[in-house]
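Subject: Structure handover

Hello,

Here is the structure for you to look through. My notes on what was found follow below it.

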Amino acid sequence: MLPLGDEVALHSLVFVLVLLGTRSPLWSAVLTTSLYCFLAMFRFPQVARSRARLVLQPVGCGAESARVSVIAHRGGAHDAPENTIAAIREASKNGATGVELDLEFSADGVPILMHDETVDRTTNGSGPLCQLSFSELRQLDAAAKHRLRDKFAGEKIPTLVEAVEECIKLQLSIYFDVKGHPEEAAAALTDVYKRHPVLYNSSMVCSFEPKVIYRMRQRDPEVVTALTHRPWSLSRLGDGTPRFSSPWKHYWMTLMDVLLDWAHHHVLWRFCGISAFLMQKNFVSLDYVQFWAQRGVEVVAWTINTDVEKAYFQKVLRINYITDSLVGDCEPHF
């Protein structure tokens with residue numbers, strides 16, 4: 001259940017805000033009660049912790065601590081071309097417990113692995129995915145812009161099904177990262193879970209967008225899910241620089257960031273019934289891990305790329321982490 005302190009804080013805040021706006025104790029009580037009933041009726045329960053643990057703490061994981069899983073970001077974007085079969089194989093060879101893979105769609109609706117909305121950054125092609133058919137995408141070299149392009153020359157953009165089957169063969173857990181397209185993504189993933197039931201105990205659907213997670217739970221409430229979050233993401237880029245040159249817009253989006261952060265930590269996680277919370281590394285501490293542990297949610301940190309960071313998250317915090325490289329230090333991929 002939601003800890004009593006969270007319940008009291010949430011509904012007390014709603015009551016006070018409505019009271020200040022309407023100056024009516026009756027309307028404040030009615031609206032607060034309505035919110036409570038709405039959450040009680042439409043929120044999803046968490047997946048059984050015993051099964052979530054199979055995904056988050058698989059037996060025989062390659063990390064030094066049996067409790068810590070090391071997840072290759074985009075398959076290990078530093079060690080091989082990101083979101084490719086080669087990256088999945090390289091991650092397995094280098095000792096990863098699992099891989100984080102990005103789900104996107106071609107113009108003709110084929111679910112594929114791709115992080116960006118265009119192919120420009122990672123391939124020898126150009127243009128948005130929404131204008132490229134799968135047959136056109138298949139002709140591109142997914143290794144063209146990688147630092148090890150000669151080693152992996154000719155690597156293709158894989159379908160979701162191809163990637164899943166390779167992970168199952170290599171016994172890797174999968175973190176499906178869904179950037180958008182909630183309806184299409186939920187449908188595609190539901191089909192994959194039906195085709196490969198082993199995924200229920202070896203994979204997790206993650207997203208920055210709560211709507212994606214909620215839609216996935218509507219489609220199949222047995223799937224393990226997680227919310228992904230980076231504070232100040234609306235107002236600042238991944239490197240911390242402001243997104244907007246306009247001071248007014250920057251301050252407005254900063255306020256939205258505060259509200260979004262509060263909602264993630266006090267409402268949305270419970271509404272979606274998540275089992276894990278993927279948080280940007282700079283905001284993870286022992287107290288933060290404990291905050292979520294009290295709610296039956298495990299923290300997974302991203303993106304951990306130096307040996308010092310890896311030792312800290314593995315031996316001190318003892319939580320799962322996502323990394324761009326299994327073999328050395330590297331710069332993060334935002």
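A residue is called buried here when its relative accessible area is under 20%, exposed when it is over 50%, and partly exposed in between. Please keep in mind that this is a predicted model.

Strand β4

I would start with β4. Which way do its side chains point? Ser-173, Tyr-175 and Asp-177 point one way from β4. Ile-174, Phe-176 and Val-178 point the other way. In a regular strand, side chains alternate between the two faces of the sheet. Both sets in β4 are buried. Six of the six residues of β4 are buried, so the strand is largely enclosed by the rest of the structure.

What does β4 pair with? It runs parallel to β2, and six bridges join the two. One of the pairs is Leu-103 with Val-178, the latter in β4. β4 also runs parallel to β5, which spans residues 203-207. Four bridges join β4 to β5. Here Tyr-175 has Met-204 of β5 as its bridge partner.

The largest pocket

Rolling a probe the size of a water molecule over the atoms shows where empty space is left. The largest pocket has a volume of about 730 Å³. Its lining takes in 28 residues. Which of them lie nearest the centre? They are Lys-179, Phe-208, Arg-230, Ser-233 and Arg-243.

By class, the pocket lining has 10 nonpolar, 10 polar and eight charged residues.

Trp-252

Helix α9 also holds Trp-252. Is Trp-252 buried or partly exposed? Its relative accessibility is 42%, so Trp-252 counts as partly exposed. Trp-252 and Ser-235 are 17 residues apart in sequence. In space, their C-alpha atoms are 8.4 Å apart.

Cavities

How many cavities of 30 Å³ or more does the structure hold? There are three.

The largest cavity has a volume of about 90 Å³. Its lining consists of Gln-46, Val-47, Arg-49, Ala-52, Arg-53, Leu-56, Ser-275, Gly-296 and Glu-298. Helix α3 (residues 49-56) gives the largest share of that lining, four residues. The classes are three nonpolar, three polar and three charged.

The second largest cavity has a volume of about 60 Å³. Glu-82, Asn-83, Thr-84, Leu-113, Met-114, Thr-122, Ala-142, Ile-157 and Pro-158 line it. Five of these lining residues are nonpolar, three are polar and one is charged.

The whole protein

The protein has 11 helices and nine strands. It has 334 residues, and 53% of them are buried. Take the contacts between residues at least 6 apart in sequence: 60% of these join residues at least 24 apart. The protein exposes about 15,500 Å². Carbon and sulfur atoms supply 59% of that area.

Best wishes

Terms used. Residues numbered from 1 in each chain as written. Predicted model: local features only at pLDDT ≥ 70, side-chain atom pairs only at ≥ 80, totals over all residues. Heavy atoms only, no water. 1 Å grid on protein atoms, 1.4 Å probe; cavity = no way out; pocket = protein on both sides within 12 Å on 5 of 7 lines; lining within 4 Å. Points joined across faces, edges and corners; volume = space filled by probe spheres on them. Nonpolar A, V, L, I, M, F, W, Y, C, P; charged D, E, K, R; others polar. Buried < 20%, exposed > 50% of the residue type's maximum accessible area, 1.4 Å probe, protein only. Contact = heavy atoms within 4.5 Å. Areas by Shrake-Rupley, 256 points an atom, 1.4 Å probe, with all protein chains shown as cover. Pairing = 2+ DSSP bridges.
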